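Visitor: Please take me slowly through one part of this model, and then tell me how the chain it belongs to meets its partner.

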Amino acid sequence: MPLQSSSRPRLTIGCRAKSEGENWIVIFPEGVLRLQKTARAVLERCDGERTFEEIIKELQALYSASDPVKIRKDAEMFLERLRERRVVDF
Amino acid sequence: MLDAPLAVIAELTHRCPLHCVYCSNPLELVTRKSELSTAEWENVFAQAAELGALHVHLTGGEPVAREDLAQLIRHAHACGLYTNLITSGVGLSEPRWNEFVAAGLDHVQLSFQDSREADANWIAGARSHVLKLEVAQIIRSSKVAFTVNVVVHRQNIQHLEEIIALAEGLQPERLEIAHVQYYGWARKNIGALLPSLRQVLESLEIIRAAQKRLSGKIRVDTVLPDYYARFPKACMGGWGRRQLLIDPCGRVLPCHSATVIPGLQFENVRDGSLEWIWRQSASFQKFRGYDWMPEPCRGCDRRSDDFGGCRCQAFMITGDAASTDPVCSLAPTHRLIEQQVFVNSLAGTSNQLEKSDFERQQIWAYRS
């Protein structure tokens with residue numbers, strides 16, 4: 001099922017995140033992702049509690065100078081891609 | 001500036017109840033009495049984490065054969081390492097599994113040899129298939145990330161669709177379909193294992209279809225057979241660049257099979273710090289970076305993608321570990337690979353699958 005407003009994205013089991021200075025490292029089977037500012041901002045909100053809609057609202061407030069439509073689109077693509085790699089579930 | 005190793009591969013033991021004909025362990029196995037002790041492994045894990053490693057792959061042989069495995073997992077986890085257990089499943093009871101989970105295991109990779117019991121047991125040289133199915137159930141009832149791994153080759157590749165269906169039923173997060181790499185016992189048995197070009201192409205099509213169908217459900221990763229590739233694989237992500245391996249007696253190696261290369265002396269964690277071995281030892285510097293490279297690698301645009309391929313393969317096939325990996329279509333020795341592929345397509349052992357034990361020919365040597 002594609003990502004929907006009501007989806008509640010979360011890290012897949014076996015994926016662990018930890019801080020590395022300002023950045024976040026996500027460690028998963030056979031791989032590592034290093035996430036900077038915006039990517040970190042998206043993924044640290046994927047706690048399985050917040051819906052995608054709520055996450056987007058928060059990001060749009062956080063980056064109020066950016067185009068809100070682009071924020072939604074970028075976050076959606078990012079999460080879809082991470083789901084293909086089985087780093088995120090929703 | 002040299003980075004820290006991302007991953008440490010810990011070959012805890014070479015003991016194994018299986019005798020898989022493509023095992024990547026060296027032909028000369030380390031005996032039990034020379035294995036590192038619990039305290040020595042704990043020390044190694046602490047050093048690895050200190051050095052900046054993120055993953056530890058607990059493998060073997062069969063790591064479950066180590067009675068102290070739960071303790072080793074607990075310690076690696078406490079050091080902050082991501083713990084990955086690579087197992088055949090044999091010897092893994094439910095109480096033991098629960099100990100591993102409680103110890104902080106992050107991920108487990110369980111191997112299967114085929115979709116059908118008789119064929120799987122024949123490839124493993126042991127009655128193990130049914131046990132593995134039981135272990136898969138035990139694993140799936142807990143919340144640990146789960147990968148099913150299947151090694152494919154000339155003998156079982158015709159069951160690939162069935163193998164994928166079996167894996168799907170076990171509900172892992174990830175399925176790894178790995179074509180055999182020709183090291184260790186697999187190199188010895190290459191005549192029986194190397195698939196034909198047609199088999200390889202068919203398998204890639206089946207894998208692609210599975211990736212599409214299972215997207216978002218099971219991540220399907222694949223290891224391609226490099227004998228059929230145009231360019232070599234970036235073996236280990238480059239010599240001494242991303243990963244290191246510690247064998248059961250504590251020798252620190254840049255890869256699984258580096259001991260085949262003559263003239264290299266490998267340091268032991270019993271004699272020196274992991275950091276010194278990683279940064280300074282002669283064996284880790286030998287093929288690190290680009291200075292050692294011959295042409296055509298030296299002037300090649302791809303040198304930072306594949307690092308000249310695999311040093312062990314270069315040695316085993318050309319006799320010179322510092323030559324371009326012969327699987328590369330640009331290598332001056334590439335014809336040696338073409339010959340092997342050609343010979344196999346003419347004279348490779350016929351398929352023995354689905355024959356009864358009495359009819360099957362002895363086409364390979366089992367790992368001891």
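Guide: The buried residues of helix 4 of chain B pack against helix 5 (129-140) of chain B, where contact means heavy atoms within 4.5 Å and helices (H or I, at least four residues) and strands (E, at least two) are DSSP runs numbered from the N terminus. This is a predicted model, in which local features need pLDDT of at least 70 and side-chain atom pairs count only at pLDDT 80 or more, while totals for chains, interfaces and linings use all residues. Residues are numbered from 1 along each chain as its sequence is written, chains are lettered from A and ligands numbered from 1 in the order in which they are written, and side-chain values use heavy atoms, with hydrogens and water left out.

Helix 4 of chain B spans residues 117-124 and is mostly covered, since six of its eight residues are buried (under 20% relative accessible area, with exposed over 50% and partly exposed in between; 1.4 Å probe, protein chains only). Those buried residues are B:Asp119, B:Ala120, B:Asn121, B:Trp122, B:Ile123 and B:Ala124, and after the helix comes B:Gly125, with a positive phi near 65°.

Turning to the partner, the contact between chain B and chain A draws 23 residues from chain B and 18 residues from chain A. On the chain B side, B:Leu54, B:Tyr82 and B:Arg219 lose the most area to chain A, together 35% of what that side buries (buried area being the accessible area, with a 1.4 Å probe, that two parts lose on being put together, summed over both). The two chains bury about 1,700 Å² between them, with 58% of it on carbon and sulfur atoms. One salt bridge is counted between them (a side-chain nitrogen of Lys or Arg within 4 Å of a carboxyl oxygen of Asp or Glu), and in it the side chains of B:Asp106 and A:Arg16 meet at 2.7 Å, N to O.
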